[in-house]
Amino acid sequence: MDEHPSRDEDAHDLAACDHPACGRAEGREGCGAASRAGLVDRAERMARERGLQFTALRRRTLEVVAGEGRPLGAYDIAERLSAPGKRVAAVSVYRALDFLTENGLVHRIASRNAFVPCEHGHGGGESAVFLICRRCGTVDETVSAEIERSLDHTLARAGFKPASRIVEIEGECGACQGRGAPAGPPEAPAQ
Ligand SMILES: [Zn+2]
Ligand SMILES: [Zn+2]
């Protein structure tokens, strides 16, 4: 399997990449490796503690999502997990992604129908704010106590029971603003 499938794509320029997963590792080859190993460790611990099965497909799906610097769709993941003569079906990947999402290891970015790793180790019911760059495609996850509180307040006032508490904000990341190039069309969502 390719250790870093986006290595050859201009969209993911590590020198300019401000994705937190990339800043931690040194050199292009190491991009995402640190967070990927940490996330897989966390998944193994969590599965042991909760008596859940961390199957090979769940692990490989998590590794692919964690090794990518931007949201990845289920079909892309299936593609990367497939070998000649041994196809992995997208429906199996979706099932693995359900497991990973329910257990707080990955998040689904609804506006992209794509998945990103969660490095915060928070529960599935907590809120998260995603800052999605339309130019380079990176996604930063932040957690904010203020937003958490005001969301609680707003939901209580509306008498609304949320199925998820994810806020997605599209725009331009700091690195892309610094580059100052004219904005191209938003990157096509990974399918
Ligand atoms: Zn998260
Ligand atoms: Zn950007």
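This is a predicted model: local features need pLDDT of at least 70, side-chain atom pairs count only at pLDDT 80 or more; totals for chains, interfaces and linings use all residues.
A helix, as the word is used here, is a DSSP run of H or I with at least four residues, and helices are numbered from the N terminus. Helix α7, which spans residues 174–179 and contains Gln-177, is one such run.

The protein chain as a whole contains seven helices and five strands. Followed along the sequence, these elements occur in the pattern α-α-α-α-α-β-β-β-β-α-β-α. The protein chain has 191 residues, of which 30% are buried. Where contacts link residues at least 6 apart in sequence, 59% of them join residues at least 24 apart.

For helix α3 (residues 56–66) and helix α4 (residues 74–81), the angle is about 110 degrees and the axes lie 10 Å apart. Angles of 65 to 115 degrees count as roughly perpendicular, and α3 and α4 are therefore roughly perpendicular to each other. The crossing of α3 past α4 is right-handed. On the α3 side, the contact is formed by Arg-60, Thr-61, Val-64 and Val-65, while α4 contributes Ile-77, Arg-80 and Leu-81. Sorted by class, the residues of this contact are four nonpolar, one polar and two charged.

Helix α4 itself is mostly covered, with six of its eight residues buried. These are Ala-74, Asp-76, Ile-77, Ala-78, Arg-80 and Leu-81. The buried residues of α4 pack against both α3 and α5.

In soluble globular proteins, nonpolar side chains tend to be buried together. The largest nonpolar core of this model has 31 residues, and Leu-62, Val-65, Ile-77 and Val-106 are the members that touch the most others. At least two residues of this core come from each of α2 (33–50), α3, α4, α5 (90–102), β1 (106–109), β2 (114–117) and β3 (128–133). The largest share, five residues, is supplied by α5. Val-65 illustrates how such a position is surrounded: neighbours within four places in sequence aside, Val-65 is in contact with Leu-72, Ile-77, Val-106, Phe-115, Val-116 and Pro-117.

The account may now return to helix α7. Is Gln-177 buried, partly exposed or exposed? A residue is buried if 20 or more other C-beta atoms lie within 10 Å of its own, and exposed if 12 or fewer do. Gln-177 has 13 C-beta neighbours inside 10 Å, and therefore counts as partly exposed. Between Gln-177 and Arg-135 there is a separation of 42 residues in sequence, yet their C-alpha atoms are 9.4 Å apart in space.

Technical notes. Residues are numbered from 1 along each chain as its sequence is written. Chains are lettered from A and ligands numbered from 1 in the order in which they are written. Axes are lines fitted to C-alpha atoms, for helices over the stretch in contact, and angles run from 0 to 180 degrees between N-to-C directions. Angles under 35 degrees count as roughly parallel, over 145 as roughly antiparallel, 65 to 115 as roughly perpendicular and the rest as oblique. A crossing is left-handed if the near helix is turned anticlockwise from the far one by less than a right angle, and right-handed if clockwise. Two residues are in contact if their C-beta atoms, placed from the backbone, lie within 7 Å. Ala, Val, Leu, Ile, Met, Phe, Trp, Tyr, Cys and Pro count as nonpolar, Asp, Glu, Lys and Arg as charged, and the others, Gly among them, as polar. A nonpolar core is a set of buried Ala, Val, Leu, Ile, Met, Phe, Trp, Tyr and Cys residues joined through C-beta atoms within 7 Å.
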